[in-house]
Each structure stands twice: as C-alpha cells, then as structure tokens.
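I opened this model to look up a few places in the fold and to note, entry by entry, what the atoms show.

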Amino acid sequence: LRRRRIFERCPMATQIEIVRTVADLRTRVRTWQREGENIAMVPTMGAIHKGHMSLVRQAKQLADHTIASIFVNPLQFGPGEDFEAYPRGEARDAALLADAGADLLFVPDGREMYPEGFATTVHVAGLTEGLCGASRPDHFDGVATVVAKLLLQCLPDIAVFGEKDYQQLLVIKRMVRDLNIPVEIVGGAIVREPDGLALSSRNTYLSSDERETAPLLHTTLQQAAHEVASGLALEPTLESAHAALEAAGFRVDYLEARDPVTLVPLSGNVSSARILVAAFLGKTRLIDNVTVPPQS
Ligand code: AMP
C-alpha cells in the first residue's frame, strides 16, 4: 500500500501524475531525492492561467523535477469572501500544468490538510500588518499556515511564488527564514494580458465593462512609477493616481509606496520603491504592483 501511486488520466491531451496524500507525495519525492535529483514546487489554488504556467516553466529551469499543488485554502479567505465561488476545475488545471512542464501534481483535500483537531497557526508579524493585511485581517495567517505545511509536506529544494502577490512573497521569505524551513524561495515576474492587466483567477469575475476599465490599474501604477523615478515626490504622485483610479470607477483599498525589501512605508523623493495597489471594480478586488524605477 505504501508503494501505491495514483495515476489519473486527464480528459485533455497532456497527462500528469496526481497524488492526493502527503504519504504518496513523500514517497514520490524521496524516490527522486535518492537519485540525487532536486525538486522545485509551485503552490497554487488552481484556476490555472499563464501566470501560474510561467512559474512552472521557471521552476523547471531551476530543478530536475517540478511539483505543482492545487489547494483552495479555506483559511486564507475571510467571511464573505469568495471561497465557495472560487473557480475550480481539476482536469483543465492538470492539463495546463502538465503542458507547462510540471511532473507531478499534489491535490490534497481539506481533510488531508486540516484533519480533525488541527490547531496550529503560523503568524508572521510586521510584514503582514499593512496593505492586504489591513483589509483582510486573517488572510496572511492562512497563507503562512498552508505554505508552511505544503513546504514541510514536500520539502522541495526550491519553491517559486509570483511577484503579483508581492506582500505574500515577502511574508513567505520571512517565514522560511524564521522557521529554518530548508527551502529556497524564488520570486517569479508578473505575467500580464497584452493590455497590461495582471493575470488573475479573479479576472473571470469582471463584467465586460469592468474588464475594459481594469487595465487602467497597471497604466496608472506605471505612470506613477515613471513620475517618481523622474523626481516627483511620492505624496502628490500617489494622490493623483488615487484620484484617477476613483474617477475611472475603482474603489481604492490602498495605494502605497513601500521599501521593496522591508515594506516600510516611504515618503518624499525616492529612487527605489515598490508601488502596491488593491482596488475594487464592482465586487472584484484586484491587486497589482510595480517597481520604481519602472521596468519598462
Ligand atoms: P494563486 O493560485 O492565485 O494562489 O497563485 C499561485 C501563485 O501564482 C502565487 O505565487 C501567485 O503569486 C502566482 N501568480 C498569480 N498570478 C500571477 C501572475 N499574473 N503572474 C505571475 N505569478 C502569478
């Protein structure tokens, strides 16, 4: 039974091995590690798009084997958020992850991740307190707890997380250092639609009118990044960016410039920063961020 491996066929073209238990995951990982091969992991919540696929491609460049995971983590959704509505579709997701080059897919269910009596929370102080942490109070505890578990279940050499969730990336790096989890955390660049909108599983919630407005989020951030890089102070720049977004129909949750490494709030004139935004279009909350100086 210990040797049992679960092979499942996807109805679409590409096939991938799927494991659903920590025991099966570890058996597979141990086999590779015994052969001296290293492993990269890409955790996701499914609803796979080209952003996730680019992380898998990046992981593939960094290690001999790439494991993707899909788990819609209830702990990181607040009351009234979209846990139930979050898009799910394992067969499609598995085919896309296989196309991107993943070798193995880990799909635990809720009971495998949080068996009865589960009582542990991982809390990263400081970094989680502003930005998304301010309006989603338990979100990063949920993220840190599930990512700590996924990393410890798999013990990959490398794990790749997107810069799209920039605060999350820094929280995970901090947690891994603080808990001595022996995994190197690597950031992956944000993948965007041709009009600049960052790919997100939640973009499917946008109405066609909202979808037309959505790219303004990135355009406005990029313009602000150019202005700050050319010597304008942060406060007036962010104030007019905020006003432009609200005028276009966004309800801005936050729009801030932070130190790219520590996330300490910045003000005045700066030569290096990360500008981060969260804004609602209708009921959909979009997040994005850009560097100062801007990348293009
Ligand atoms: P999610 O499934 O939304 O939890 O995301 C799984 C991983 O994909 C996280 O590390 C995200 O930061 C990353 N990700 C999501 N969207 C993008 C994107 N547009 N570009 C790059 N990475 C992304």
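Entry 1, Asn203. I began with the contacts of Asn203 and, leaving aside neighbours within four places in sequence, I found Leu197, Ala198 and Leu286 touching this residue. The model is a predicted one, and I read each entry with that in mind. Asn203 sits in the loop between β7 and α8 (208-213), and I noted a relative accessible area of 11% for Asn203, which means that the residue is buried.

Is Asp82 buried or exposed? I found Asp82 buried, with a relative accessible area of 14%.

Glu81 and Arg136 meet through their side chains at 2.6 Å, N to O. Because Glu81 lies in the loop between β4 and α3 while Arg136 lies in the loop between α5 (132-135) and α6 (139-154), the pair ties together parts that are 55 residues apart in sequence. I noted that Glu81 is partly exposed at a relative accessible area of 31%, whereas Arg136, at 11% relative accessibility, counts as buried. The side chains of Arg92 and Asp93 form another salt bridge, at 3.2 Å from N to O; here I found Arg92 partly exposed, with a relative accessible area of 41%, and Asp93 buried, with 3%.

I traced an open sheet of three strands in the order β8-β9-β10, with antiparallel pairing. Its edge strands are β8 (251-258) and β10 (284-292), each of which pairs on one side only, and the twist averages 10° from one strand to the next. How many bridges join β9 to β10? I counted nine bridges between β10 and strand β9 (residues 273-281), the two running antiparallel, and for Leu281 I found that the bridge partner in β10 is Thr284. I also saw that helix α9 (residues 216-229) lies across β8, β9 and β10, and that α9 runs at about 25° to β10.

Not counting residues up to four places away in sequence, Val290 touches Arg192, His218, Leu221, Gln222, Ala225, Ala273, Arg274 and Ile275. I also checked Tyr166, which is 124 residues from Val290 in sequence and 9.6 Å from Val290 in space, C-alpha to C-alpha.

Which residues of α2 are buried? I listed Gly51, His52, Met53, Leu55, Val56 and Ala59, and I saw that the buried residues of α2 pack against β3 (39-44), β4 (65-70), α3 (90-100), β6 (158-162) and β7 (184-188).

How values were computed: Residues numbered from 1 in each chain as written. Predicted model: local features only at pLDDT ≥ 70, side-chain atom pairs only at ≥ 80, totals over all residues. Heavy atoms only, no water. Pairing = 2+ DSSP bridges. Helix = DSSP H or I, 4+ residues; strand = E, 2+ residues; numbered from the N terminus. Axes fitted to C-alpha atoms, helices over the stretch in contact; angles between N-to-C directions. Contact = heavy atoms within 4.5 Å. Buried < 20%, exposed > 50% of the residue type's maximum accessible area, 1.4 Å probe, protein only. Salt bridge = Lys/Arg side-chain N within 4 Å of Asp/Glu carboxyl O.
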